[in-house]
Amino acid sequence: MTQYQLLPCRRTAELIKDVFGHRVSEGTLVKINREADRCFTGIRSLLHVVLLVSSVLHGDETGFRLKGKRH
C-alpha cells in the first residue's frame with residue numbers, strides 16, 4: 001500500500017489493523033519495504049537493460065485506441 005497506492009506508513013498501519021485485526025508498526029513497514037527493495041535489485045537491473053535495448057517502449061496505462069475508441 002505504501003508503494004502502489006502511495007499511502008503513508010501510518011495510514012497503511014491503520015488499514016492493516018482495520019482489515020486484518022493485527023497491529024503493525026510504521027517501522028516494520030519501512031523495514032519490509034527496504035527488504036523488498038533488496039530482493040528486487042537483481043531483476044530491476046535486468047529489466048533496465050532489457051528496456052534500454054527494446055525497439056518499442058511504452059509505459060502508458062491509460063489504454064489503447066482501436067477504430068477510434070479507447071479500450
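The model is a predicted one, in which local features need pLDDT of at least 70 and side-chain atom pairs count only at pLDDT 80 or more, while totals for chains, interfaces and linings use all residues. Residues are numbered from 1 along each chain as its sequence is written, and side-chain values use heavy atoms, with hydrogens and water left out.

Side chains of opposite charge can pair when their charged atoms come close. A salt bridge is taken here as a side-chain nitrogen of Lys or Arg within 4 Å of a carboxyl oxygen of Asp or Glu, and the count by this rule is four. One of them joins Glu 26 to Arg 10, with an N to O distance of 3.6 Å. This pair links distant parts of the chain, 16 residues apart: Arg 10 lies in helix α1 (residues 9-20) and Glu 26 in helix α2. Helices are DSSP runs (H or I, at least four residues), numbered from the N terminus.

In helix α1, Arg 11 and Glu 14 are three residues apart, a separation of about one helical turn, and their side chains meet at 3.5 Å, N to O. Both ends are partly exposed, Arg 11 at 35% and Glu 14 at 39%. Helix α2 holds Arg 38 and Glu 35, likewise three residues and about one helical turn apart; their closest N and O atoms are 2.9 Å apart. Here Arg 38 is exposed at 53%, and Glu 35 is partly exposed at 39%.

The cysteines come next. With a disulfide defined as a pair of cysteine sulfur atoms within 2.5 Å, a search of the whole structure finds zero. For Cys 9, the nearest cysteine sulfur is that of Cys 39, 17 Å away. Cys 9 is buried, with a relative accessible area of 19%, while Cys 39 is exposed at 55%.

Finally, the surface carries a nonpolar patch of about 680 Å², made by Phe 40, Ile 43, Leu 46, Leu 47, Val 50, Leu 51 and Leu 57. Patch residues have over 30% relative accessible area and no salt bridge, with like charges joined within 9 Å and nonpolar side chains (Val, Leu, Ile, Met, Phe, Trp, Tyr) within 5 Å. Accessible areas come from the Shrake-Rupley method with a 1.4 Å probe, and for residues only the protein chains shown count as cover.

Note on methods: Helix = DSSP H or I, 4+ residues; strand = E, 2+ residues; numbered from the N terminus. Buried < 20%, exposed > 50% of the residue type's maximum accessible area, 1.4 Å probe, protein only.
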